[in-house]
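Reader: I have a model open and want to go through it with you. Can we start with the overall picture and then move to details?

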Amino acid sequence: MSPGRALRRRPSLLAAIAAAGALTLSACSGGGGQAGGGGNTNFVTGSGGISTVAKGERTEAPNIEGTALDGSSLDIADYKGKVVVLNFWGSWCGPCRAEAKHFAKVSEEMKDQGVQFVGVNTRDPQKSLAVAFEEDFGVTYPSLYDPTGKLLLRFPKGTLNPQAIPSTVVVDRQGKLAARTLAALDAEKLRKMIDPLVAEK
């Protein structure tokens, strides 16, 4: 590679590092409901910190696929026709530990209602830490292993993108982004986020 080409590539590399760093700074934030997206985002954030988009104004979910913690291939596109609950978490994150038992409980309660939970484990340098976390909290649904956080960056800016750990994003049956929260959830708040999408015709 010539010195000129190396210099041209450096700004894009720095931009990627800065984006990852910004997400790290907001990681494990317990606050929600304050992040919006300037411009014409079409979503509304309620008092409970849950942002929603009206059915006719939703955007397509990005391509979220990769290798699960158990080594299998996982692609959320395979769940089209179901409501998909994407939970972004890390074993190092206190709020993630607080909400995990609630996600395990609600995922079992709703699996026969056309709801599929998928975790996205991020920034765990050792897969064994994430596997132990799921075992400790009785999480039975699959989780993608995303140690570098690349899947978080696939969500376009100004959409219902995950901006902290934990974040939860709900995808409707048509594969579109419908709801998001940037805070840890208990079972009641999680159901409040999912139930309206299950009820949609």
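Reader: What percentage of the 201 residues in the protein chain is buried?
Author: This is a predicted model. In the protein chain, buried residues make up 42% of the 201 residues.

Reader: How many helices and strands does the protein chain have?
Author: The protein chain has 4 helices and 9 strands. Along the sequence the pattern is α-β-β-β-β-β-α-β-α-β-β-β-α.

Reader: And what share of the contacts with a separation of 6 or more comes from residues 24 or more positions apart?
Author: Those account for 72% of the contacts with a separation of 6 or more in the protein chain.

Reader: Switching to rings. How many aromatic pairs are in the whole structure?
Author: A search of the whole structure gives 5 aromatic pairs. One of them is Phe103 with Phe117: the ring centres are 6.0 Å apart and the planes stand at 85°, so this pair is edge-to-face.

Reader: Where do Phe103 and Phe117 lie?
Author: Phe103 lies in helix H2, residues 94-110, and Phe117 in strand S6, residues 115-122, so the pair ties together parts that are 14 residues apart in sequence.

Reader: Are Phe103 and Phe117 buried or exposed?
Author: Both Phe103 and Phe117 are buried.

Reader: What about Phe117 and Tyr141, how are those rings set?
Author: The ring centres of Phe117 and Tyr141 are 5.4 Å apart with the planes at 40°, so that pair is tilted. Phe117 lies in strand S6, while Tyr141 is in the loop between helix H3 (127-137) and strand S7 (143-146), so the pair ties together parts 24 residues apart in sequence. Phe117 and Tyr141 are both buried.

Reader: Which residues do ring pairs link into a cluster?
Author: Trp89, Phe133 and Phe137 are linked into a cluster by ring pairs.

Reader: Next, holes. How many cavities of 30 Å³ or more are there?
Author: The count is 2 cavities of 30 Å³ or more. The largest cavity holds about 70 Å³ of space.

Reader: Which residues line the largest cavity?
Author: The lining of the largest cavity consists of Asn87, Trp89, Cys96, Glu99, Ala100, Phe103, Phe133, Glu134, Val139, Tyr141 and Ser143. Two or more residues of that lining come from each of strand S5 (83-89), H2 and H3. H2 gives the most, with 4 residues.

Reader: How do the residues of that lining divide into nonpolar, polar and charged?
Author: The lining of the largest cavity has 7 nonpolar, 2 polar and 2 charged residues.

Reader: There's a cysteine in that list. How many disulfides does a search of the whole structure find?
Author: The search finds 0 disulfides. A disulfide would be a covalent bond between the sulfur atoms of two cysteines.

Reader: Are Cys93 and Cys96 buried or exposed?
Author: Cys93 is at 0% relative accessibility, so Cys93 counts as buried. Cys96 counts as buried too, because its relative accessibility is 2%.

Reader: Last one, Gln116. Where is Gln116 found?
Author: Gln116 is found in strand S6.

Reader: Why does Gln116 count as buried?
Author: Because its relative accessibility is 15%, and buried means under 20%.

Reader: And what does Gln116 touch, not counting residues up to four places away in sequence?
Author: Leaving out residues up to four places away in sequence, Gln116 touches Tyr79, Lys82, Val83, Val84, Val85, Tyr141 and Pro142. Tyr141 also came up with the rings, where it pairs with Phe117.

How values were computed: Residues numbered from 1 in each chain as written. Predicted model: local features only at pLDDT ≥ 70, side-chain atom pairs only at ≥ 80, totals over all residues. Heavy atoms only, no water. Phe/Tyr/Trp six-rings, centres within 6.5 Å; stacked < 30°, edge-to-face > 60°. Buried < 20%, exposed > 50% of the residue type's maximum accessible area, 1.4 Å probe, protein only. 1 Å grid on protein atoms, 1.4 Å probe; cavity = no way out; pocket = protein on both sides within 12 Å on 5 of 7 lines; lining within 4 Å. Points joined across faces, edges and corners; volume = space filled by probe spheres on them. Nonpolar A, V, L, I, M, F, W, Y, C, P; charged D, E, K, R; others polar. Disulfide = S-S within 2.5 Å. Contact = heavy atoms within 4.5 Å.
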